[in-house]
Amino acid sequence: MKYRWTLPTFILVCLSLGYLLFQGLPLLDSDQTITNAETGTKTHKILVWHWPFGNSFNLDGDFCKDKFGVPNCIMMDNQFRLSEADIVIFHNRELIQGQQRLPVNQKRPEKQRWVWLTMESPANNGDVKPFAGYFNWTMTYHQDADIYSPYGFMVPKESETHEPLESFIPKDKTDLACWVVSNFSPHHKRTTIYEKLKTVIPIKVYGGAVNKRLDDQTLLPTISRCSFYLAFENSVSRDYISEKLWRNAYMSGAVPVVFGPTREEYEAVAEKDSFIHVNDFDTVEELGEFLKTLAADRERYASYFNWRRKYTVEITHWVELACKFCPKISSMPPHKVYENLDTWQ
Ligand SMILES: *[C@@H]1O[C@H](CO)[C@@H](O)[C@H](O)[C@H]1NC(C)=O
């Protein structure tokens, strides 16, 4: 059958040719973001208004590309470049402590998004009421955050491995249970659990609270000698699962005993057989007895390492997540304002 040119086909071909020609030209669109002629991807600019706790990164060169392989994303930390930024990240701590201020008196480009960054639970975020109505996005460990920034991830391995489970368990398990606590308060719920638990099983305690600080070199090797690690959060809050689970427990190879949000919330981010939840037991005494039995049953204890055949754990810095978020900026909803950060938390 012979193909016949119809009017619609002709128009389509013309449009396609026109589009191809047009794409070849370097473009600057109305909001001043640079369009990459070859890929059609925009270059976005992220301004870090101030560095959390003063921990700065050297942003020389093409930071996001060089460090994390993310092209078309410029990260900067010079406050004078405010007007250029597509998004501006503000870390909550310095704002509530008054060391930094929101640049509310400067002209704000219409499309610029302000991001509220925090890694703390609401109990430790201070009074955020003064920031009502300023922020467009949140960047937190919260599942609903606009820029999801958890303390860690479980990443599926390319294929499931079949190593013996024993190979995942660190040698020299000399202690049954360990806890690292820097901020000790009798008012914390976790303290009540600890007080009861230590009457049932021996618990080694480290950290600033007991004047046995562990530095970066000694932390993980020390915890890896414990069969169980008490990954007790300082406050119970939705999705708040900190480095106590991701780094202290998983990275050291101690089985985490978690206290924090519900088991469902943990299971949303971590394999269900990778941890023991305090709420799995009616009483703390039962939990203690269970831990004793489990430590004595090598095979059953090893089953808590099964997930390591399928997953690895990754701890990701928020800066990396900010770079990796860049390509998604264009597809975010065009308009959003947090009128109340309190209710969001
Ligand atoms: C960002 O929030 C401000 C409120 O402070 C609002 O005026 C602006 O329209 C918002 N921008 C976007 C892109 O959502």
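Biologist: Which residues are around the ligand?

Modeller: This is a predicted model. The residues around the ligand are Arg108, Glu110, Arg113, Gly133, Tyr134, Asn136, Pro334, His335, Lys336 and Val337.

Biologist: By class, how many residues of the shell around the ligand are charged?

Modeller: Asp, Glu, Lys and Arg count as charged. The shell also has three nonpolar and three polar residues. The number of charged residues is four.

Biologist: How many Å is an oxygen atom of the ligand from a polar backbone atom of Gly133?

Modeller: Polar contacts are N or O pairs within 3.5 Å. The side chain of Arg108 has an N or O atom 3.1 Å from a ligand oxygen. Lys336 uses a backbone N or O atom, 3.0 Å from a ligand oxygen. For the polar backbone atom of Gly133, the distance is 2.7 Å.

Biologist: What percentage of the ligand's exposed area does the protein bury?

Modeller: Start with the ligand taken alone. It exposes 360 Å². Of that area, the protein buries 75%.

Biologist: The charged end of Arg108 sits over which ring?

Modeller: Arg108 is one of the residues around the ligand. Its charged end also sits over a ring, 3.8 Å from the ring centre. That ring belongs to Trp114.

Biologist: Which residues do ring pairs link into a cluster with Trp114?

Modeller: Rings pair if their centres lie within 6.5 Å. Such pairs link Trp114 into a cluster. One member, Tyr134, is also among the residues around the ligand. Linked with Trp114 are Trp49, Phe90, Phe131, Tyr134 and Phe135.

Biologist: How many aromatic pairs does a search of the whole structure find?

Modeller: The search covers the whole structure.

Biologist: How many residues apart in sequence are the parts that the pair of Trp51 and Trp318 ties together?

Modeller: Trp51 lies in the loop between strand E3 (42-48) and helix H2 (63-68). Trp318 lies in helix H10 (residues 318-325). The pair therefore ties together parts whose separation in sequence is 267 residues.

Biologist: Is Trp318 buried or exposed?

Modeller: Buried means under 20% relative accessible area. Trp318 has 9% relative accessibility, so Trp318 counts as buried.

Biologist: Which residue just after H6 takes a positive phi?

Modeller: Helix H6 covers residues 243-251. Its buried residues include Leu245, Trp246 and Tyr250. Just after H6, a positive phi of about 85° is taken by Gly253.

How values were computed:
Residues numbered from 1 in each chain as written. Predicted model: local features only at pLDDT ≥ 70, side-chain atom pairs only at ≥ 80, totals over all residues. Heavy atoms only, no water. Phe/Tyr/Trp six-rings, centres within 6.5 Å; stacked < 30°, edge-to-face > 60°. Helix = DSSP H or I, 4+ residues; strand = E, 2+ residues; numbered from the N terminus. Buried < 20%, exposed > 50% of the residue type's maximum accessible area, 1.4 Å probe, protein only. Lys NZ or Arg CZ within 6 Å of the ring centre and 35° of its normal. Near = heavy atom within 4 Å. Polar contact = N/O pair within 3.5 Å; in protein donor to acceptor, adjacent residues only side chain to side chain. Areas by Shrake-Rupley, 256 points an atom, 1.4 Å probe, with all protein chains shown as cover.
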